[in-house]
Amino acid sequence: MPEYFTSIGTLLEGSMLQSGALWALRTIPGFPPIIQTVHILGIAVVMATVVMLDLRILGLAVRSQKISEMTQRLMPWLWWALASNFVSGAFFLFGRPTRYFNNPIFGWKLSFLLPAILLTLLFHLLSRTEIDYWELSTKRLWTARGIALLSLGLWLMVAMAGRWIAYVEYIYFPA
Amino acid sequence: MEFLRSPKWIDVENWPLSWEIGGTAWFPFLESIHVIAAAMVVGSILMVDLRLLGLAATRYPITTLSNELVPWSWGAFVIATITGLGMFITRAASHVVNPAFQWKIVLLVLAGANMAYFHFRVYKHVAQWDTAVATPTQLKLIGSMSLFLWAGVMLAGRWVGHII
């Protein structure tokens, strides 16, 4: 793990953010599983928005819907779900910051998440420049397909890595 | 509920497959696939529910959305069931007496009943409200029931791991 990364964990350790998060996690009855469920519901919205859009672009799902129309309609749901997931995730991140910032799988998760968000944002912004942006030429449609394939892989890896944070020893310390 | 205490559940835990999954990276692998599949089940159902509530995708007929999305719900449900069973057998005896697991099964059955009621009873009259933006109260009730029940399945499912 690079030092700049692990030092973020050290910085947060003992901060007000940590004590606040730990207070909520320890005091409110059922808070950890409830917040985790909110986090997974956010992932369900990721599936229903960007993953479904990617599957549509690849010709695998909801073929009656148009790519540009879907993008405009679904992206706001995605951005709100991501905002919600940053908040729900932050409770655990701030609660045990050194656990996460020393965890290589958490590093992987962010390495998938950042390009996934940027790629989706780029796709969204481009589709707003022109009506039917992605459907106007064959070249653009193939670009959209390339983006969709990459985006699908990235978002699924984000969800996958998230669950593996708790199982880091299976990858880094094989039996 | 005597069968929940049956020693047969211990036998399940001792199947060679249960040991293989429980003692290797198979467990977290199945679990991560389970989360992705479950998110797809709930995500695809959520899209139909929001349409039933008249809150999203109102430009599409309910039949179109249902026909295009429900196969994804079922496909993901099959994957979630297989991966779920794979995890279940590693701790079968503990799971069957785990209140969170019991709630999860009850909520799953209720969610299934809600869905069956919609498809076998209400759906016959689809022509009356297929393209309606302001959907009838009955559809709104079914849609919100579905949202609450599936969120409950997730909550109970997540809680299983906090009790085991």
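Is A:Tyr167 to be counted as buried or exposed, and at what relative accessibility? At 14% relative accessibility A:Tyr167 counts as buried, since the term covers residues under 20% relative accessible area, with exposed meaning over 50% and partly exposed the range in between (1.4 Å probe, protein chains only).

Before starting, note that this is a predicted model, in which local features need pLDDT of at least 70 and side-chain atom pairs count only at pLDDT 80 or more, whereas totals for chains, interfaces and linings use all residues. Residues are numbered from 1 along each chain as its sequence is written, chains are lettered from A and ligands numbered from 1 in the order in which they are written, and side-chain values use heavy atoms, with hydrogens and water left out.

**First stop: the interface**

Select chain A and chain B together: 35 residues of chain B are in contact with 34 residues of chain A, contact meaning heavy atoms within 4.5 Å. About 3000 Å² is buried between the two chains, and carbon and sulfur atoms give 76% of that area, which is the accessible area (1.4 Å probe) lost on putting the two parts together, summed over both.

Next, pick B:Arg59 and A:Glu69, which form a salt bridge whose closest N and O atoms are 3.1 Å apart; the term requires a side-chain nitrogen of Lys or Arg within 4 Å of a carboxyl oxygen of Asp or Glu. The count between chain B and chain A is 2 salt bridges.

Now colour the side of chain B that touches chain A by element: helix H3 (26-52), helix H4 (62-88) and helix H8 (137-163) of chain B each give two or more residues, helices being DSSP runs (H or I, at least four residues) numbered from the N terminus. H3(B) gives the most, with 16 residues.

**Second stop: an aromatic pair between chains**

Rings of Phe, Tyr and Trp (its six-membered ring) pair if their centres lie within 6.5 Å, and planes under 30 degrees apart count as stacked, over 60 as edge-to-face and the rest as tilted. A:Tyr167 lies in the loop between helix H7 (138-164) and helix H8 (168-172) of chain A, while B:Phe27 belongs to helix H3 of chain B. B:Phe27 is buried too, because its relative accessible area is 18%.

Finally, select A:Phe5, A:Tyr100, A:Phe101 and A:Phe106, which form one aromatic cluster. Within this selection, A:Tyr100 and A:Phe106 make an edge-to-face pair, 5.5 Å centre to centre with 70 degrees between the planes, and both residues are buried.
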